Amino acid sequence: QVQLVESGGGSVQAGGSLRLSCAASGYIATDYCMGWFRQAPGKEREGVASIDRGGNTQYVDSVQGRFTISKDNAKNTLYLQMNSLKPEDTAMYYCAADFPRLICGGSWSRAYRYKYWGQGTQVTVSS
């Protein structure tokens with residue numbers, strides 16, 4: 001059974017940092033396209049970043065230069081390092097696996113592509 005479990009969320013002040021983790025089990029998640037999404041109350045789920053089998057990364061414009069997606073193949077874990085956090089980054093953050101796609105490609109931010117999802121971890125940024 002495939003499972004994705006996020007951790008690392010919390011409350012920080014603007015300008016602070018958090019690192020989210022997503023531990024995968026049931027298959028080698030880091031061999032496939034994986035992504036981080038977020039959803040704020042009353043808003044649609046938004047693709048934040050993706051990373052594929054080759055380590056190619058993509059980001060939504062609003063986090064470019066502040067967030068870094070990475071993975072540890074040995075630990076089968078996905079990460080999202082978030083720096084210079086802003087109040088508008090406040091949301092529930094989810095990791096997702098676009099199994100069995102190896103390369104994320106240009107449509108990486110389309111949530112319907114992702115077959116497996118974690119339960120989410122809350123990030124709250126205060127001004």
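This briefing describes the disulfides of the structure shown above. The model is a predicted one, in which local features need pLDDT of at least 70 and side-chain atom pairs count only at pLDDT 80 or more, while totals for chains, interfaces and linings use all residues. Residues are numbered from 1 along each chain as its sequence is written, and side-chain values use heavy atoms, with hydrogens and water left out.

**Overall pattern**
- A search of the whole structure finds two disulfides, a disulfide being a pair of cysteine sulfur atoms within 2.5 Å.
- When the bonded cysteines are counted along the protein chain, the disulfides follow the pattern 1-3, 2-4.

**Cys22 and Cys95**
- Cys22 is joined to Cys95 by a disulfide with an S to S distance of 1.9 Å.
- Because Cys22 lies in strand 3 (residues 18-25) and Cys95 in strand 9 (residues 91-97), this pair ties together parts that are 73 residues apart in sequence; strands are DSSP runs of E with at least two residues, numbered from the N terminus.
- The link of Cys22 and Cys95 is right-handed, with 45 degrees about the S-S bond.
- Both Cys22 and Cys95 are buried, a word that here means under 20% relative accessible area (1.4 Å probe, protein chains only).

**Cys33 and Cys104**
- The sulfur atoms of Cys33 and Cys104 are 2.2 Å apart and form a disulfide.
- Cys33 lies in the loop between strand 3 and strand 4 (34-39), and Cys104 in the loop between strand 9 and strand 10 (116-117), so the pair ties together parts that are 71 residues apart in sequence.
- The torsion about the S-S bond of Cys33 and Cys104 is about 110 degrees, and therefore this disulfide is right-handed.
- Cys33 and Cys104 are both buried.

Technical notes. Helix = DSSP H or I, 4+ residues; strand = E, 2+ residues; numbered from the N terminus. Buried < 20%, exposed > 50% of the residue type's maximum accessible area, 1.4 Å probe, protein only.
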